[in-house]
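The exercises below are meant to be worked through with the structure in view. Please try each task before reading the solution that follows.

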Amino acid sequence: KDLWKMFYWCQWFTSGNNYEKFESQGFTNSLLPAFDKLYTDDQDKLEAYKRHQTLFLTECQCAKMVIGITAAMEERYANEGDIDPVSIQSVKAALMGPLAGIGDTLYHGTLRPIFAGIAVSMVTASGYTSIAGPLMFFLVMGFIGQFLNWFGIFKGYEKGVELVADMQSSGIIDQIRYYAAVAGCIIMGGF
């Protein structure tokens, strides 16, 4: 239930962006349901809020993975106390770069141009009278974005840091980047 609340709150992830700490407002806001459940003392909540008001910047769809992982680590810190809060920050900082590269390459550099190209071709084929192309683009990209939000929060929480470590050790991240680059070149060649 609390993960679903986090899923709901992460919809406004980018609404608090600023040039000082970038996405830290949305990051902290997305974790509010977890903080409310984990910390009953107001001082502990305040410390958690402050802990996550440091610079955070990665691709917005992939940031949900970091939110899920951070929620799992905060739960362990609140319940067991065997995690240092500095390690939570270290994991966040370590994941920002790789997830930004994956998200920008796949979501913005590959999927968006592919579906935008399909949408534009649908509009031009109809003689500029159909809204099917823009509607298809909106629905498909919306579904993909919401799936990534769900996957990031729920699977990130479930698997924690080992999910990203498994992806890196298996080499799947490098394969995804390679094939996304190939697909991007094909799309750009098509345009």
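Predicted model: local features only at pLDDT ≥ 70, side-chain atom pairs only at ≥ 80, totals over all residues.

## Exercise 1: α1 against α7

The axes of α1 and α7 come within 10 Å and cross at roughly 140 degrees. Decide how α1 lies relative to α7, and state which residues make the contact.

**Solution.** The next step is the hand of the crossing, which is right-handed where α1 passes α7. From α1 the contact takes Leu3, Trp4, Met6 and Phe7, while α7 supplies Gln146, Asn149, Trp150, Ile153, Phe154 and Tyr157. Sorted by class, the residues of this contact are 8 nonpolar and 2 polar, with no charged residue.

## Exercise 2: α5 between two partners

Describe how α5 packs with α7 and with α6, and list the residues that meet in the contact with α7 and in the contact with α6.

**Solution.** Begin with α7 (residues 132-159), whose axis comes within 7 Å of the axis of α5 (residues 63-79), the two crossing at roughly 25 degrees. This angle makes α5 roughly parallel to α7, and the crossing of the two is right-handed. On the α5 side the contact involves Lys64, Met65, Ile67, Gly68, Ile69, Ala71, Ala72 and Glu75, which meet Leu148, Asn149, Phe151, Gly152, Ile153, Gly156 and Tyr157 of α7. By class, that contact has 9 nonpolar, 4 polar and 2 charged residues.

Turn next to α6, where the axes of α5 and α6 are 10 Å apart and the packing angle is about 170 degrees. The two helices are therefore roughly antiparallel to each other. Here Met65, Val66, Ile69, Thr70, Met73, Glu74 and Tyr77 of α5 meet Pro85, Ser87, Ile88, Val91, Lys92, Leu95 and Leu99 of α6. The classes in this second contact are 10 nonpolar, 2 polar and 2 charged residues.

## Exercise 3: Asparagine 149

Is asparagine 149 buried or exposed, and which residues does asparagine 149 touch when those up to four places away in sequence are not counted?

**Solution.** First locate asparagine 149, which is found in helix α7. Its relative accessible area is 4%, and because buried means under 20%, asparagine 149 is buried. Leaving aside residues up to four places away in sequence, asparagine 149 touches Phe7, Cys10, Gln11, Gln61 and Lys64. Among these, Phe7 also belongs to the α1 side of the contact of α1 with α7, and Lys64 belongs to the α5 side of the contact of α5 with α7.

## Exercise 4: Aromatic rings and positive phi

How many aromatic pairs does the structure hold, and what are the phi values of phenylalanine 22 and tyrosine 128?

**Solution.** The structure holds 12 aromatic pairs. One of them joins tyrosine 19 and phenylalanine 22, whose ring centres are 6.4 Å apart and whose planes stand at 90 degrees, an edge-to-face arrangement. Tyrosine 19 is exposed, with a relative accessible area of 80%, whereas phenylalanine 22 counts as partly exposed at 25%. Elsewhere, Trp4, Phe7, Phe147, Trp150, Phe151 and Phe154 form one aromatic cluster.

For the second part, recall that most residues other than glycine have a negative phi. Phenylalanine 22, in the loop between α1 (2-9) and α2 (24-30), has a positive phi near 55 degrees. Tyrosine 128 lies in the loop between α6 (85-125) and α7, and its phi is also positive, at about 65 degrees. With a relative accessibility of 65%, tyrosine 128 counts as exposed.

## Exercise 5: The chain as a whole

How many helices and strands does the chain have, and how far apart are glutamate 162 and isoleucine 69 in sequence and in space?

**Solution.** The chain has 9 helices and 0 strands, and 38% of its 191 residues count as buried. Among the contacts with a separation of 6 or more, 72% are between residues 24 or more positions apart. Glutamate 162, found in helix α8 (residues 161-170), is partly exposed at 47% relative accessibility. Glutamate 162 and isoleucine 69 are separated by 93 residues in sequence, while their C-alpha atoms are 9.3 Å apart in space.

Notes
Residues numbered from 1 in each chain as written. Heavy atoms only, no water. Axes fitted to C-alpha atoms, helices over the stretch in contact; angles between N-to-C directions. Helix = DSSP H or I, 4+ residues; strand = E, 2+ residues; numbered from the N terminus. Parallel < 35°, antiparallel > 145°, perpendicular 65-115°, else oblique. Left-handed = near helix turned anticlockwise from the far one by under 90°. Contact = heavy atoms within 4.5 Å. Nonpolar A, V, L, I, M, F, W, Y, C, P; charged D, E, K, R; others polar. Buried < 20%, exposed > 50% of the residue type's maximum accessible area, 1.4 Å probe, protein only. Phe/Tyr/Trp six-rings, centres within 6.5 Å; stacked < 30°, edge-to-face > 60°.
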